[in-house]
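Student: I have a structure open and would like to go through it with you. Can we take it piece by piece?

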Amino acid sequence: MDLPQKFSDLSLEKNNGHSKKRDDYLDWREYFMATAFLAAKRSKDPSFQVGACVVNKDNKIVGVGYNGMPIGCSDDEFPWGKNTPSPLDSKYLYVCHAEMNAILNKNSADVKDCTIYVGLFPCNECAKIIIQSGIKEVVYLSDKNAHKSMYIASKKMFDAVGIKYWQFIPRHEKIEINFTGIDWDCMSPSK
Ligand SMILES: Nc1ccn([C@H]2C[C@H](O)[C@@H](COP(=O)(O)O)O2)c(=O)n1
Ligand SMILES: [Zn+2]
C-alpha cells in the first residue's frame with residue numbers, strides 16, 4: 001500500500017538520520033571534566049591553569065572555579081613567578097586553587113555528597129577543604145605530582161575519611177567548540 005505523502009516524508013527523514021538522537025554527544029563525566037577544563041581557560045597563571053567543577057547527585061553543576069588571585073588582589077599586581085629569591089614575590093603564597101574556588105563559588109546551600117571534577121589531583125590544602133565541605137568523590141585527569149609529599153598527604157587523608165578518587169580517562173583527546181557551528185544548517189547535505 002502506498003503511504004500518504006506526509007508519512008513517506010517522515011520515513012525519508014528517518015533514513016537520513018534526522019529522527020534519531022545524536023550518538024556523539026558528551027556523556028556526563030566528559031561534560032563535567034570539559035566544564036572544568038573550560039573554566040581553566042579563565043586562569044591568568046602563565047605556567048599552569050587548572051579548573052574544577054562540583055556536581056551534585058542530580059548531575060547538576062553547583063560550583064565551578066579555576067586557579068587565580070583572591071578577589072580584590074589584582075592579578076596585574078600580585079606576582080605570577082615561581083622561583084623567586086623571596087617567597088613573597090612568587091605566586092604560591094597568594095593564588096587560590098581551582099578546587100577551593102569551585103567549592104567557595106557554590107550556588108547551593110552546601111556541597112555535601114557532591115563530586116568534584118578537577119584537571120589535576122588536589123594538593124593537601126585543597127584535600128582538607130574538600131573533606132571539610134562534605135564532598136564524597138574526586139575525579140581527576142592528571143596525577144603528575146603523585147610523587148610529591150603534599151599529594152601523598154592528600155591521598156592519605158582521602159583514604160582515612162573514605163573519599164573515593166579515580167582518574168578520568170578521556171575518550172577523546174580534544175573536544176572542539178566551534179562558535180560558527182550554530183549557523184550551520186543541519187539538513188544541508190554539505191555538512
Ligand atoms: N590541584 C591543583 C594543583 C595546582 N593548582 C594551581 C596552583 C598554581 O596556580 C598552579 C601550580 O603552579 P605550578 O607550580 O604548577 O606552576 O596550579 C590548582 O589550582 N589545583
Ligand atoms: Zn590545592
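This is a predicted model: local features need pLDDT of at least 70, side-chain atom pairs count only at pLDDT 80 or more; totals for chains, interfaces and linings use all residues.

Student: Which residues of α5 are the buried ones?

Tutor: They are Y151, S154, K155 and F158. These residues sit on the same side of α5, because the arc they cover around the axis is only 95 degrees.

Student: And what is exposed on the other side of α5?

Tutor: S149, K156 and A160 are exposed there.

Student: How many residues does α5 have, and what is its reach from first C-alpha to last?

Tutor: Helix α5 runs over residues 149-161, which is 13 residues. Its reach is 18 Å, close to the 18 Å expected at 1.5 Å a residue.

Student: What comes just after α5?

Tutor: G162, which has a positive phi of about 80 degrees.

Student: Back to α4. Where is N124, and is it buried or exposed?

Tutor: N124 belongs to helix α4. It counts as buried because its relative accessible area is 17%, and the cut-off for buried is under 20%.

Student: What is N124 in contact with, leaving aside neighbours within four places in sequence?

Tutor: M150, A153, S154 and M157. Of these, S154 is also one of the buried residues of α5.

Student: Does β3 run parallel or antiparallel to β1?

Tutor: Antiparallel: β1, residues 51-55, pairs with β3 over four bridges. Within that pair, C53 stands opposite Y117 of β3.

Student: And is β4 parallel or antiparallel to β3?

Tutor: Those two run parallel and are joined by five bridges. T115, for instance, has E137 in β4 as its bridge partner. Between β3 and β4 the chain passes through α4, and this β-α-β crossover is right-handed.

Student: What about N101, where is that?

Tutor: N101 is in helix α3, residues 98-104. With a relative accessible area of 16%, N101 is buried.

Student: What does N101 touch, not counting residues up to four places away in sequence?

Tutor: V64, G65, Y66, G68 and C96.

Student: Last one, the whole chain. How many helices and strands are there?

Tutor: The protein chain has five helices and five strands. Along the sequence their pattern is α-α-β-β-α-β-α-β-α-β.

Student: What share of the residues is buried?

Tutor: Buried residues are 33% of the 191 residues in the protein chain. As for contacts with a separation of 6 or more, 61% are accounted for by residues 24 or more positions apart.

Definitions and conventions: Residues are numbered from 1 along each chain as its sequence is written. Chains are lettered from A and ligands numbered from 1 in the order in which they are written. Side-chain values use heavy atoms; hydrogens and water are left out. The expected span of a helix is 1.5 Å times one less than its number of residues. Buried means under 20% relative accessible area, exposed over 50%, partly exposed in between (1.4 Å probe, protein chains only). The arc is that of the directions from the helix axis to the C-beta atoms. Two strands pair if DSSP finds at least two bridges between them. A crossover is right-handed if, with the strands pointing away from the viewer, the path from the first strand over the helix to the second runs clockwise. Contact means heavy atoms within 4.5 Å.
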